[in-house]
Amino acid sequence: MAETTASGSVQAPARGVRLSRGARRAQLLVAARDVFAAQGYHAAAMDDIAEKAGVSKPVLYQHFPGKLELYRALLTTYADELVARVREAIGNTAENRERVHAAVAAYFDFVAGEGHAYRLVFESDLRGEPEAAALVDGALTKCIDAVAAVVTEDAGLDQQRARLLAVGLVGLSQVTAQYWLDSDQDIPRDEAVALMSALAWKGLAGFPLVHEHQ
């Protein structure tokens with residue numbers, strides 16, 4: 001069977017084991033992730049992915065009819081994971097300061113734990129393909145929606161202003177997490193999260209808590 005990490009990411013099962021269809025698909029997605037991340041979408045070949053997974057090309061095509069379908073499935077998997085991380089992070093506490101820290105941490109955890117996945121979502125050479133772009137934009141929109149709903153409720157702002165603040169927080173989290181990844185993580189993850197969440201909180205703390213949580 002395929003294994004699942006604490007973060008919910010699917011890991012490839014061991015080779016040589018007879019797999020269910022779901023486990024085989026998970027194995028192929030992990031292999032595809034590694035190949036796409038190393039070579040980029042356009043340079044990667046289905047032959048490379050089949051070889052990485054240790055299967056024949058016919059087995060690969062049984063699950064995915066082409067490279068684009070395989071990439072879309074992979075992109076959907078990790079875009080959904082990012083959204084789930086952000087929703088879980090801000091849903092686990094009713095304290096706004098902790099929510100800000102958790103939202104920033106969710107992006108850094110996604111980068112730290114799934115660097116390949118992060119690059120596939122935000123740095124793909126296929127971002128110009130309409131459906132791929134729509135998947136990424138949809139994931140960002142869901143993250144913004146989740147943050148905006150909390151800001152609207154707790155700060156008493158109207159929807160448009162709450163959404164603008166949410167865009168700022170999500171944008172800060174994404175850009176700084178990406179910079180941290182590209183800078184070889186010279187600053188420890190916990191310190192980087194603390195720095196950026198403190199910056200964000202300095203601004204958001206200026207809005208009063210309108211609705212007290214019981």
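1. Which residues of α5 are buried? The buried residues of α5 are R99, V100, A102, A103, V104, A105, A106, Y107, F108, F110 and V111, where buried means under 20% relative accessible area, exposed over 50% and partly exposed in between, with a 1.4 Å probe and protein chains only. Helix α5 covers residues 96–113, and its 18 residues should span 26 Å at 1.5 Å a residue, which agrees with end C-alpha atoms that are 25 Å apart; the expected span is 1.5 Å times one less than the number of residues.

2. On the basis of the model: this is a predicted structure, in which local features need pLDDT of at least 70 and side-chain atom pairs count only at pLDDT 80 or more, while totals for chains, interfaces and linings use all residues. Residues are numbered from 1 along each chain as its sequence is written, and side-chain values use heavy atoms, with hydrogens and water left out.

3. On the overall make-up: the chain has nine helices and two strands, and from the N terminus on the order is β-β-α-α-α-α-α-α-α-α-α. Helices (H or I, at least four residues) and strands (E, at least two) are DSSP runs, numbered from the N terminus. Of the 214 residues, 46% count as buried, and the chain exposes about 11100 Å², of which carbon and sulfur atoms supply 53%, by the Shrake-Rupley method with a 1.4 Å probe. Among contacts (heavy atoms within 4.5 Å) with a separation of 6 or more, 65% are between residues 24 or more positions apart.

4. On helix α1: its 19 residues should span 27 Å at 1.5 Å a residue, and its end C-alpha atoms are 27 Å apart, which agrees. Its buried residues include A23, L28, L29, R33, V35 and F36. Just after α1, G40 takes a positive phi of about 85°.

5. On the aromatic pairs: a search of the whole structure finds five, where rings of Phe, Tyr and Trp (its six-membered ring) pair if their centres lie within 6.5 Å, with planes under 30 degrees apart counted as stacked, over 60 as edge-to-face and the rest as tilted. The rings of Y41 and Y71 have their centres 5.4 Å apart and their planes at 80°, so this pair is edge-to-face. The pair links distant parts of the chain, with Y41 in the loop between α1 (21–39) and α2 (46–53) and Y71 in helix α4 (residues 67–91), 30 residues apart. Y41 counts as buried at 10% relative accessibility, and Y71 counts as buried at 2%. Ring pairs link F36, Y41 and Y71 into a cluster.

6. On K67, which is in helix α4: its charged end sits over the ring of Y41, 4.4 Å from the ring centre, the criterion being NZ of Lys or CZ of Arg within 6 Å of the centre and within 35 degrees of the ring normal. The side chain of K67 also reaches the backbone oxygen of Y41 at 2.8 Å. Not counting residues up to four places away in sequence, K67 touches F36, Y41, H42, A44 and M46.

7. On A146, which lies in helix α7 (residues 130–155): at 15% relative accessibility, A146 counts as buried. Leaving aside neighbours within four places in sequence, A146 is in contact with R87 and I90. The C-alpha atoms of A146 and I90 are separated by 8.1 Å, although these residues are 56 residues apart along the chain.

Note on methods
Polar contact = N/O pair within 3.5 Å; in protein donor to acceptor, adjacent residues only side chain to side chain.
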